[in-house]
Amino acid sequence: MTAPPGAVAKPRRRPGSATPYLYVAPFFVLFAAFGLFPLIYTAWVSLRDWRLVGGDRGFVGLDNYTEVLTDARFWNALGNTFGLFIVATVPQLLIALWLANLLNRKLRLQTAFRMGVLLPNITSVAAVGIVFGFIFADRYGLVNWLLDLIGADVVEWRASRRTAWFAISVMVDWRWIGYNALIYLAAMQAIPRDLYESAALDGASRARQFWRLTVPMIQPTILFTIIISTIGGMQLFTEPLLFNYGRIEGGPLNEYQTIAMYIYQRTFRGNTEYGYGAAMSWLLFAIIIAFALVNFYLVRRTVRGSSK
Amino acid sequence: MGAIRSRLRGFTTAALVLGLVLGAAACSAEDDKSGDGKTTVTIQWFGSPGFDQAIKDFQAANPDIVVKSENRGQLKDFQPLLVQWLATGSSQLGDVIMLEEGTLLEFLQEPSKWANLLDLGAASLKDTYLPYKWENGFTADKSKLVGLGTDIGGLAMCYRSDLFAKAKLPTDRESVSKLWPTWEAYEQQGLKFKAANTGATWIDSATSIMQPYIMQNSDTWFYDRSNNFILDSNPKVREAYDYGLKLAGEGLTSKLVRWTPDWDAAFKNAAFATVPCAAWGTGVISERAGDAGKGKWDIATIPGGSGNWGGSYLAIPEQSKKKDAAYKLLTYLTGKAGHLAEFKEKGGMPSSIPALDDPAFADAKNEYFSNAPVGRIFGASVKTLKPIYLGPKHQQLWETILEPAMQAAEKGSLGADAAFTKAVTDGKKLATG
């Protein structure tokens with residue numbers, strides 16, 4: 001799709017023509033309606049004491065924000081979100097990378113395997129949540145049944161932060177490993193074969209080829225998946241919710257209530273504090289941007305370092 | 001490249017068209033009347049109220065009204081949707097809405113979104129309801145009636161006679177009722193049961209005794225009558241909490257979380273011998289224990305005397321454009337015939353006095369529960385009922401704060417005092433927020 005710049009003929013249209021703008025308009029119109037407007041509206045709502053049941057009680061300035069910052073439940077939820085993000089994303093991307101590397105070789109039924117890894121991703125997340133709810137049930141679950149069968153102690157998955165995070169991460173990873181693997185695979189296919197051939201001639205082992213050649217060459221793609229995972233991880237909602245069978249408080253002591261769940265709880269349940277929920281949403285928005293930027297720089301640095 | 005470009009162009013057009021269609025669909029208002037002059041009334045409910053037959057009967061008697069019956073799953077899923085729909089005036093909101101007792105109390109604080117049933121002619125129905133049920137449908141100033149009662153809970157103790165036989169305890173309901181006049185006696189029998197090593201526990205969860213115990217022994221729970229938050233100073237709640245955790249400490253509970261798949265499976269596996277049950281609870285048990293449990297369950301009186309646990313209401317949103325037809329349906333379902341049909345279908349106990357007195361209820365036996373005379377047992381449990389004041393956020397305070405905290409204490413992930421303190425802190429925030 002990338003032609004050299006000079007090769008494209010100059011457009012024959014008059015400079016004032018509206019046609020090009022019309023072509024790009026659908027995205028901007030949709031973005032304005034479903035992206036920009038809610039963003040600005042939410043900012044406005046976040047400055048008000050507004051209840052969904054009970055109505056708007058007027059302008060309160062930054063009160064909602066100061067309350068959020070002193071709310072222990074907010075920090076607990078934020079900690080859970082980051083914790084779950086790390087526990088889920090790090091193995092997820094590493095496994096995806098490894099899987100992509102395997103799929104990049106010559107295999108029988110290549111397409112079947114490549115499509116197969118994507119299947120979990122197109123399964124409805126609610127269905128995944130319900131099935132995993134049974135698999136990780138505390139008393140009569142599949143995993144505990146297997147553990148019992150081999151004589152190990154059963155695990156009460158919801159009884160502690162550690163076990164709950166593990167189970168939720170398995171759910172998240174099961175869904176997203178294949179997706180990331182396919183993206184990595186696409187990037188790997190773009191690496192010229194002769195690079196590997198010369199590396200092999202120079203005596204580089206497969207592992208060395210992978211770390212010194214493949215990983216640096218797909219660095220932009222790794223960055224992309226990390227940013228996408230960051231956004232997804234910060235908004236984690238359905239998996240922990242269904243893991244706790246639809247209970248929004250995320251465990252008896254809120255051990256796995258994520259920030260999105262807490263926003264939902266304060267906005268649509270509790271005292272239906274629309275304004276407070278909006279303030280938290282904006283803080284989450286800011287946190288995602290900051291966190292994505294930090295990730296971006298950190299990863300760019302380490303991946304670059306490994307290519308030297 | 002040309003092909004890609006033209007495909008992209010096609011895609012943009014498609015996206016634009018799709019956007020327009022979606023927009024138009026969202027704007028098209030629902031018609032009040034369909035072409036044949038019939039009015040469509042939508043009723044939205046949760047749980048298992050057993051409206052199916054009653055709606056069919058209503059339909060047959062009112063051919064000019066078409067009833068659309070929508071099952072909205074569990075209460076905890078329906079409640080947030082309801083809040084959103086009411087706040088935005090959504091067209092998805094039905095014309096007759098089932099509200100749980102606790103949910104209704106919350107809406108009574110902000111009743112503007114609900115129709116006043118007195119304006120629709122409900123005043124004359126006063127004497128047909130249990131006074132407790134009738135009073136609870138009103139706003140604080142008694143000027144607006146928001147909901148009319150469907151079922152009422154009542155209280156009893158359901159037990160598995162096969163496990164009782166295994167533990168050499170009496171199995172017939174009269175003798176079992178005599179085993180536990182008080183909660184202390186109930187605990188003593190539990191210890192005896194445990195000593196018999198049947199492989200099952202005495203009760204499903206420490207939290208299961210909270211509702212019955214408090215409903216029997218206190219006239220307040222989280223709030224006093226002026227809606228002040230009193231969880232930290234209400235002695236009966238703490239007493240029930242400590243009693244439940246004492247049972248757990250003695251190894252008498254299964255430490256299950258109610259309303260989860262594990263809890264459901266535990267009924268099938270006969271993992272516990274007793275569970276306090278309201279009338280609607282008989283349906284909950286038979287659904288979960290399945291055919292294998294038929295004839296093994298029975299019902300005795302509950303320790304500690306009479307009380308009520310739960311029950312629901314029907315209400316009409318102010319935004320409904322079909323209030324008259326909706327009111328017809330509502331009064332049918334909350335009237336004698338509706339109550340009796342619901343009782344027959346799912347076991348919910350009538351709150352309507354004529355229905356309670358009707359032999360169809362009063363002499364009813366439940367086949368699943370070894371032909372227990374449910375009409376007599378549950379009927380007796382509400383006759384001397386002392387109403388308890390629950391207050392606006394009761395349901396959420398219980399479900400999302402006190403019950404989870406108690407579960408944490410039961411499982412030992414937090415001490416009993418610390419868990420209670422957490423519940424008080426979180427509860428205060430919710431109640432005063």
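**Group meeting: where chains A and B pack together**

The buried residues of α3(B) pack against α13 (259-268) of chain A, along with β3 (96-100) and α4 (101-108) of chain B. Here a residue counts as buried if 20 or more other C-beta atoms lie within 10 Å of its own, as exposed if 12 or fewer do, and as partly exposed in between, with C-beta atoms placed from the backbone. Helices (H or I, at least four residues) and strands (E, at least two) are DSSP runs numbered from the N terminus.

The model is a predicted one, in which local features need pLDDT of at least 70 and side-chain atom pairs count only at pLDDT 80 or more, while totals for chains, interfaces and linings use all residues. Residues are numbered from 1 along each chain as its sequence is written, and chains are lettered from A and ligands numbered from 1 in the order in which they are written.

Let me begin with the helix of chain B. The buried residues of α3(B) are B:Leu75, B:Phe78, B:Gln79, B:Leu82, B:Val83 and B:Leu86. They cover an arc of only 140° around the axis, which puts them on the same side of α3(B); the arc is that of the directions from the helix axis to the C-beta atoms. An α-helix has 3.6 residues a turn, so residues three or four places apart point the same way. On the face turned away from the buried side, α3(B) carries the exposed residues B:Asp77 and B:Thr88. After α3(B) comes B:Gly89, with a positive phi near 65°.

I turn to its partner in chain A. Of the 10 residues of α13(A), 9 are buried, so this helix is largely enclosed by the rest of the structure. Among them are A:Ile259, A:Tyr262, A:Arg266 and A:Phe268. A:Gly270 follows α13(A), and its phi is positive, near 55°.

How many residues of chain A are in contact with chain B? There are 27, and they meet 29 residues of chain B, contact meaning that the C-beta atoms, placed from the backbone, lie within 7 Å. The most come from α1(A), with 3 residues. By type, the residues on this side divide into 15 nonpolar, 7 polar and 5 charged.

Chain A as a whole has 14 helices and 2 strands. Of its 308 residues, 34% are buried. The UniProt record, an unreviewed entry, lists "domain: ABC transmembrane type-1" at residues 78-295 of chain A. Over residues 78-295 the chain is 73% helix and 0% strand, with end C-alpha atoms 17 Å apart. The feature "transmembrane region", also from the unreviewed UniProt entry, includes residues 82-103 and 274-298 of chain A. Residues 82-103 are 100% helix, and their end C-alpha atoms lie 31 Å apart. Residues 274-298 are likewise 100% helix, with end C-alpha atoms 36 Å apart.

Finally, the core. In the largest nonpolar core, of 182 residues, B:Ala156 and B:Leu329 touch the most other members. Such a core is a set of buried Ala, Val, Leu, Ile, Met, Phe, Trp, Tyr and Cys residues joined through C-beta atoms within 7 Å. Helix α8 (residues 161-189) of chain A gives the most to this core, with 13 residues. Beyond its neighbours within four places in sequence, B:Leu329 is in contact with residues including B:Val41, B:Phe58 and B:Val96.

Key
Two residues are in contact if their C-beta atoms, placed from the backbone, lie within 7 Å. Ala, Val, Leu, Ile, Met, Phe, Trp, Tyr, Cys and Pro count as nonpolar, Asp, Glu, Lys and Arg as charged, and the others, Gly among them, as polar. UniProt positions are given in the numbering used here, feature names are shortened, and annotations may be inferred rather than shown by experiment.
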